[in-house]
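Subject: Structure handover

Hello,

Here is the structure I said I would pass on. Please open it beside this email and follow along.

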Amino acid sequence: MRKLIDKVKHHLEDPSRSDSRGAAPVGATATSSGAAEVPTTDIGPERDRYLYRKQRGVNLGSWFVFERWISDSPFRNAAAPAQSDLDVAKGEHAKEILEHHWDTWITEADWAWLAERGINTVRIPIGYYHICGADPSVLEGTDFANLDRVFAGAWVKVTNALATAHRYGIGVLFGASAIYSLHILASLAS
């Protein structure tokens, strides 16, 4: 797990990094040369605000890691038995269904609504396959190995969720809810 966290941290902290499609990091603006220009911010006192405040939070379940009892719509075209993210990803029109769900499940209006009601922390469950847009190697040797085309866009959605939450003063706890198996944990730990 530490290896996974370090990869994500490195990816977020490296302003010169862009992915293979040329996408810039969250918050970056393109210069005339096409290079990413990332604003720098001192988060000293702001960091303390997130660490030491009383947390009032909710779980944003079924946004990335699906739970059929919460949201049935992504499963309508899923492969049998239509019970998991893998089944959705193997189904018809999977990429379009997932992109639509990620874009509409939680919206800007939802973030505003949460902040207006005093929610200052959210938990967002994600699976290891949701970070394949940042590091495709996380899918190697898993059931999701040939599904990177379906999940590659998730990383942008996850980082956009983090940036949007930040604009509303909402902290984010990412829950590693969909860990493939113990061999994934072992490989990440080494």
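Where does Gly 118 lie? Gly 118 sits in the loop between helix 5 and strand 4. Helices (H or I, at least four residues) and strands (E, at least two) are DSSP runs, numbered from the N terminus.

Some ground rules come before the rest. This is a predicted model, in which local features need pLDDT of at least 70, side-chain atom pairs count only at pLDDT 80 or more, and totals for chains, interfaces and linings use all residues. Residues are numbered from 1 along each chain as its sequence is written, and side-chain values use heavy atoms, with hydrogens and water left out.

Gly 118 and Arg 56 are 62 residues apart along the chain, with 7.0 Å between their C-alpha atoms.

Three strands form an open sheet with the order 3-4-5 and parallel pairing. Two strands pair if DSSP finds at least two bridges between them. Strand 3 (57-59) and strand 5 are at the edges, and because each has a single partner strand, one side of each has no neighbour in the sheet. From one strand to the next, the twist averages 25°. Strand 4 and strand 5 are joined by seven bridges in the parallel sense; Arg 123 has Leu 173 in strand 5 as its bridge partner. Helix 7 packs on the sheet and touches strand 4 and strand 5, and its direction makes about 155° with that of strand 5. Axes are lines fitted to C-alpha atoms, for helices over the stretch in contact, and angles run from 0 to 180 degrees between N-to-C directions.

Pro 125

Is Pro 125 buried or exposed? Pro 125 is buried, because its relative accessible area is 3%. Its place is in strand 4 (residues 121-127). Not counting residues up to four places away in sequence, Pro 125 touches Asn 59, Leu 60, Gly 61, Phe 64, Val 65, Gly 175 and Ser 177, where contact means heavy atoms within 4.5 Å. Pro 125 and Leu 173 are 48 residues apart in sequence, and their C-alpha atoms are 8.3 Å apart.

The core

A nonpolar core is a set of buried Ala, Val, Leu, Ile, Met, Phe, Trp, Tyr and Cys residues joined through side-chain atoms within 4.5 Å. The largest one has 40 residues, and Trp 63, Trp 111, Val 122, Ile 124 and Phe 151 have the most contacts inside it. The elements that each supply at least two residues of this core include helix 5 (108-116), strand 4 and strand 5 (171-178). Helix 7 gives the most, with five residues.

Aromatic pairs

How many aromatic pairs does a search of the whole structure find? The search finds ten. Rings of Phe, Tyr and Trp (its six-membered ring) pair if their centres lie within 6.5 Å; planes under 30 degrees apart count as stacked, over 60 as edge-to-face and the rest as tilted. Phe 66 and Phe 75 have ring centres 6.0 Å apart and planes at 70°, so this pair is edge-to-face. Phe 144 and Phe 151 also form an edge-to-face pair, at 5.5 Å centre to centre and 70° between the planes. Phe 151 is buried, at 1% relative accessibility.

Regards

Terms used. Buried means under 20% relative accessible area, exposed over 50%, partly exposed in between (1.4 Å probe, protein chains only).
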